[in-house]
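Subject: Structure for you to look over

Hello,

Below is the structure I said I would pass on. My notes on it follow.

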Amino acid sequence: MRQKGGKEMNITELTVHELQEKLKNKELTITDITKAYVDRIKEKENDVQAFITLLTEKAIEQAKDIQNRVEKGEIKGELAGIPIGIKDNMCTKGVKTTCGSKMLENFVAPYDATVVEKINDENMIDLGKLNMDEFAMGSSTEYSYFKKTKNPWNLNKVPGGSSGGSAAAVAAEIVPWALGSDTGGSIRQPSSFCGVVGLKPTYGLVSRYGLVAYASSLDQIGPITKDVKDAAILLNIIAGHDEKDTTSTDIPKVDYTKALKNDVKGLKIGIPKEFFGEGINEEVKVSIQKAIEKYKELGAEIEEFSLDIIQDVLASYYIIASAEASSNLGRFDGIRYTYRTPEFKNLKEIYKKSRSEAFGTEVKRRIILGTYVLSSGYYDAYYKKAQQVRTLVMNQFNKAFEKYDVILTPTSPTVAFNIGEKSNNPLEMYLADICTVSVNVAGLPGISIPCGVNQEGMPIGMQLIGNKFCEETILNAAYTFEQAIKFRENYKPE
Amino acid sequence: MSREDYEIVIGLEVHAELSTNTKIFCSCPTKFGAEPNTQTCPICMAMPGTLPVLNEKVVEYAVKAGLATNCEISRDSKNDRKNYFYPDLPKAYQISQFDKPLCENGYIEIDTENGKKKIGLTRIHIEEDAGKLNHDEFGGGSLVDLNRAGVPLIEIVSEPDIRSSEETEKYLRKLKSILEYIEVSDCKMQEGSLRADVNVSVRKKGDTKLGTRTEMKNMNSFRSITRAIEYEVDRQIDVIKDGGKIEQETLRWDEVSGKTFPMRDKEDAQDYRYFPDPDLVAIKLSEEYIQNIKESLPELPESRKQRYLEDYRLSEKDANLITSSKYLSDLFEEAIQVCNNPKAVNNWIISDISRILNETEMEPVEIPFDAKQLGKLVILIDKGTISSSIGKKVLTELFENPRNPEEIIKEKGWIQISDEGAIKEVVLKILEENPQSIADYKGGKDKALGFLVGQAMKETKGKANPQMLNKMFLEELNK
Amino acid sequence: MQVSREEILHIANLAYLNLEENEIDSYILHLQDILGFANRVNNAPVENIDITIGSNEATNVFRKDEIKVFEDYESLLQNAVTREQNMFKIPKVL
């Protein structure tokens, strides 16, 4: 904190685009910013427990170096010296990447994920690796092997998951922004629980190279930020074709910040009525209803429609995700880079004991489910059917996007729940993903933004879904709403 | 019942390493014999977060192989994961192809005693090779080397159309020569770049139902394949004769004991849980792509053979031998370009060169000299610069330390003596030393002439022109 | 959905996982629960519908056959618990 023009400036309260402004106007230096975050981490991390690995010491050195090089004119770039936090399932060369698992407790990747390369190319500063549910399987971050991250709005509540560390860190303002990953809602749901903005891009917009795979056909990296403009800025950096990822799409580069027009007049918004039925909390419904009214006021056209297979899609999601996971997690074998059981009689014991001792219950559960649905005799009944349902939901979405520009739903059926409240009933936990998974199954972009709080003061998230590669549309819709309700000015954690 | 009462049924799954520069899903080199784990990267080591990207040459080579073996090329293909745990398979799944292989329904023709026979090919698909387990001499463990992990393979699956070990060898040799001709694999069996899983079953003659088969994995020499089939056929017939049942199992052939042994842990049920690899996109080949490859295919062995029969009048046997290896066939054609004497080149290849290859267990591709050197050798003999017996010595030298034959003979002083004066000198010297032979010859013993020529050759260390020697001895003796 | 004890042990064995005696029942219970729900895909109107593997519609994404050497192979071995002569050491495999 320091004085400028008589007004006290709290650096960590600022958004990244505000920081950029202050850097440009020389009101702040790069080292000011990093130091402010390091101090803030010292103050808050004990409560929030968002980080698995902290890089604060290195960060200060880096900040000095970058500051120097910027002053000498050696580096340019509008994000040089801006700190960031990275979910601990993205590989960082020379820094541990644990995936929240005992399996990778000591794993140091020999290479950088493509997104990490991009962050480094911008000379951004990595403050550390953020907590998550083990191998991104979970929606509360309670399945992390290392620690339970707390929701900054109420430390007795979960931050959501699996990118709970990322969302909590942004909400607690111990990082200005963060990268998360989303397989079935893992960016959007914690963003909703923590009252921040989370964007899951279209499948193929951001390279998955270096993202430790949970379910390859569903995983996507995206930004978790304080506001929509920051999300657009970070998306500008991480989006783009990558030759190392065959499933990344080669489309022309777009400046997403240019899409933020603060205008939704004539925007056609579809409301799928199945997302407002049983199981959706009343307060959430009311809050989303208010948001819909707000959009009407802002000149958008609202229409209700039916997306009647969302339950089937949820079933299909768990089949596909578990099947892919059961295969993706085979490489964790106790031989090359993982945990190894201390006692074994032969090779098979290394495999079986290492895997059984180092994978948590939820991971094992999904491996077993995935192995089951792929095993002979069940493939046609589960996996093949699930992939047919996938075609079906894509068709339904295609049809919907012939009529609507954006589909609006709640992000989660509930607000953040208490730590320990749900971790014993897996099916119940799975069912809570109902609002988010269809977006992954169909490969669409979805953004969660805060739209209000409940009586307890916990944030409620609204999800906007766009057609493939129509990030600009949902970013503008989200931005326009954000400008209208000024959530950040009205609500804060603590 | 005796062995003659049974029919042998054999099907082969041949794995051929493709001779691409890089691995199938990453840019690591594929060179054989590098230091352990030096041809690896995060991708082929299956580091978390890495992704495969398919090498375009692998698709091209597989399609080439398919077209050269009369396969239908699939317009809609994909990669699948085959899941199982083994330390040489770092991802715990092999990226292979399950229900949509690149090539299907082909055949290869072999020559049998009863004429030509078609061996059906079920499919050819692309997949990645596994790493290698080395045994630790001191510590009593195994050591994992992943240099080979991710080297591209095609698997060529035959129909159970083969009926004997001889047919098996013919099929394999034919397949090997085709792959060499189209230059998709170097097929070096001793380096494991061509290896076969052999499925064997027997049934009573006349039965239409196939017997239970056993599979012998990873065989990489013609000799062991033949021996293993013979052993396994005998074993199966013995089991059946004793009223037993053949168990469907995977066997390991042990070269030393000459026996097969069960390979897998029985409690490990195999269920590979194949599913489409979500990290890779579909392969949809266009007509144009396939047509272009078709047009780029080189001449295949069968066609070369016909040409040799017609243009060079080679015997069927010689033409078969030369065309069995692309390397030999190329050597033959290129040497002819140099010396324009097909008959002589043919003779060198089918006699002396083949003999040396057999004696030293060398593959044709390992022949150290080139066609130009062979052609020069023929020219030197044709011109009378050296005798054909010196020629044989030059060939031996070419195998040991290949260089220009002219240099060899100069260096070794092997140039034939064709100077009349010099020859006469030798003839006179030998005659003077051997009066008895002169008497013998004059007494009607023609053999004495041979003895004298031999002595003269000895004197000149084989360098004298034998025709001139003969002529001059006769002149002197008949004086 | 009924899942038998044998079945879950078979599946765990395929996945190279050991299940503790006291875990088996809860794994069975949860798996039955989840499969019971997942089974709804069998009532979905999917007749004659194609499968979708991923949402990316691209085809034929290939790489050129050009060598790029990964120089730092030491870093590939650095995480191994046991190594010898540049290789990963494991108990003897026959």
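In these notes, helices (H or I, at least four residues) and strands (E, at least two) are DSSP runs, numbered from the N terminus. Residues are numbered from 1 along each chain as its sequence is written, while chains are lettered from A and ligands numbered from 1 in the order in which they are written. The model is predicted, so local features need pLDDT of at least 70 and side-chain atom pairs count only at pLDDT 80 or more, totals for chains, interfaces and linings use all residues, and side-chain values use heavy atoms, with hydrogens and water left out.

Helix 5 of chain A

A:Ser166 belongs to helix 5 of chain A, which covers residues 164-171. Its relative accessible area is 0%, so A:Ser166 is buried (buried is under 20% relative accessible area, exposed over 50%, partly exposed in between, with a 1.4 Å probe and protein chains only). The rest of the helix is in a like position: 8 of the 8 residues of helix 5 of chain A are buried, which means that the helix is largely enclosed by the rest of the structure. Among them are A:Gly164, A:Gly165, A:Val170 and A:Ala171.

What covers these residues? The cover on the buried residues of helix 5 of chain A includes helix 2 (30-48), strand 4 (83-87), strand 5 (125-130), strand 6 (177-182), helix 6 (188-193) and strand 8 (220-225) of chain A.

Contacts, meaning heavy atoms within 4.5 Å, can be listed for A:Ser166 itself. Neighbours within four places in sequence aside, A:Ser166 touches A:Lys87, A:Leu130, A:Asn131, A:Ala178, A:Leu179, A:Gly180 and A:Ile224. A:Ala178 is 12 residues from A:Ser166 along the chain, and the two C-alpha atoms are 5.6 Å apart. A polar atom of the A:Ser166 side chain lies 3.0 Å from the backbone oxygen of A:Leu179. After helix 5 of chain A comes A:Glu173, with a positive phi near 55°.

Chain A against chain C

This contact takes 64 residues from chain A and 51 residues from chain C. About 5,200 Å² is buried between the two chains, and carbon and sulfur atoms give 65% of that area (buried area is the accessible area, with a 1.4 Å probe, that two parts lose on being put together, summed over both). Of the area that chain A buries against chain C, 12% is supplied by A:Lys352, A:Ile368 and A:Tyr372, more than by any other three residues.

A:Lys352 sits in helix 10 of chain A (residues 347-358). Is A:Lys352 buried or exposed? It counts as buried, because its relative accessibility is 13%. Apart from neighbours within four places in sequence, A:Lys352 is in contact with C:Asn13, C:Tyr16, C:Leu17 and C:Asn18.

The interface of chain A and chain C has 2 salt bridges, a salt bridge being a side-chain nitrogen of Lys or Arg within 4 Å of a carboxyl oxygen of Asp or Glu. One of them joins C:Arg40 to A:Asp312, at 2.7 Å from N to O. Helix 9 (310-328), helix 10, helix 11 (361-374), helix 12 (380-403) and helix 13 (426-431) of chain A each supply at least two residues of the side that touches chain C. Helix 12 of chain A gives the largest share of that side, 12 residues.

Chain C against chain B

Here 34 residues of chain C and 51 residues of chain B take part. The buried area is about 3,700 Å², with 60% from carbon and sulfur atoms. C:Phe62, C:Arg63 and C:Asp65 supply 21% of the area that chain C buries against chain B, more than any other three residues.

There is 1 salt bridge between chain C and chain B. B:Glu56 forms a salt bridge with C:Lys64, and the closest N and O atoms are 3.6 Å apart. On the side of chain C that touches chain B, helix 1 (5-14), strand 1 (62-63), helix 3 (74-77) and strand 3 (87-91) of chain C each supply at least two residues. The largest share, 5 residues, comes from strand 3 of chain C.

Regards

Notes:
Polar contact = N/O pair within 3.5 Å; in protein donor to acceptor, adjacent residues only side chain to side chain.
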